[in-house]
Amino acid sequence: MEKTVLLYWGKGGNVEQSAKIIYNQFNMESIDIFDLVSFDIKNIDNYEFLILGSATIGADHWEQASANNEWNKFFRQLADIDLSGKTLAFFGLGDQVLYPENFVDGLGSFEKELKKTKAKIIGRWPIEGYEFTDSEGILNNMFFGLALDENNQWDLTEERAKKWSCQLKKELGY
Ligand SMILES: Cc1cc2nc3c(=O)[nH]c(=O)nc-3n(C[C@H](O)[C@H](O)[C@H](O)COP(=O)(O)O)c2cc1C
């Protein structure tokens, strides 16, 4: 089986908890997990499949924080790396009750950045089962990746993570 790496940021909150749930859906020998800051990008070639996880913390915040946002640093580093032949998927945390007009907007930022790489992107996810009015994280009624809402639908996270992980394995042909 091809080797997978799951990279998440930030630490100590919903993203980390969800990352561990997704990690647990894979065979331990086939997947490594790191918080983004602990991962040495030089090791990226050890992996064929990358899963990335983050939270949306406001579009304005995202842009303003670009100089020290760990994901933006990572995306800048990716620009110098050839990811052709690799596959990517991503998940995003959000809050559909407090931010119904920007629910998981971060998935849209990830899509935009990761499309610049030559990697294949998988793991689109249907919008059914969520209640929000707008999101930059969707196209044709599909989220660009798995949307999780630990603030309002924590009871659905495990089930969604299981289903999404099965979908990823199928899409990968495992
Ligand atoms: C300052 C701030 C801004 C946020 N902005 C958004 C947003 O625009 N859209 C959204 O869906 N969730 C938004 N959220 C909700 C978080 O994405 C959500 O609570 C997430 O689970 C946090 O993950 P963490 O505990 O790992 O930090 C925001 C949260 C904070 C604290």
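Strand β1 (residues 4–8) is largely enclosed by the rest of the structure, because four of its five residues are buried. Buried here denotes 20 or more other C-beta atoms within 10 Å of the residue's own, the C-beta atoms being placed from the backbone. Strands are DSSP runs of E with at least two residues, helices are runs of H or I with at least four, and both are numbered from the N terminus.

The model is predicted: local features need pLDDT of at least 70, side-chain atom pairs count only at pLDDT 80 or more, and totals for chains, interfaces and linings use all residues. Residues are numbered from 1 along each chain as its sequence is written.

Strand pairing requires at least two bridges found by DSSP between the two strands.

| Strand pair | Sense | Bridges | Facing residues |
|---|---|---|---|
| β1 and β3 (residues 49–55) | parallel | five bridges | Val5 and Leu50 |
| β6 and β8 (residues 142–143) | antiparallel | two bridges | Trp125 and Phe143 |

Around the ligand lie 18 residues, of which Gly13, Asn14, Ala55, Gly94 and Tyr99 come nearest; a residue counts as near if its C-beta atom, placed from the backbone, lies within 6 Å.

How values were computed: Buried ≥ 20, exposed ≤ 12 C-beta atoms within 10 Å, placed from the backbone.
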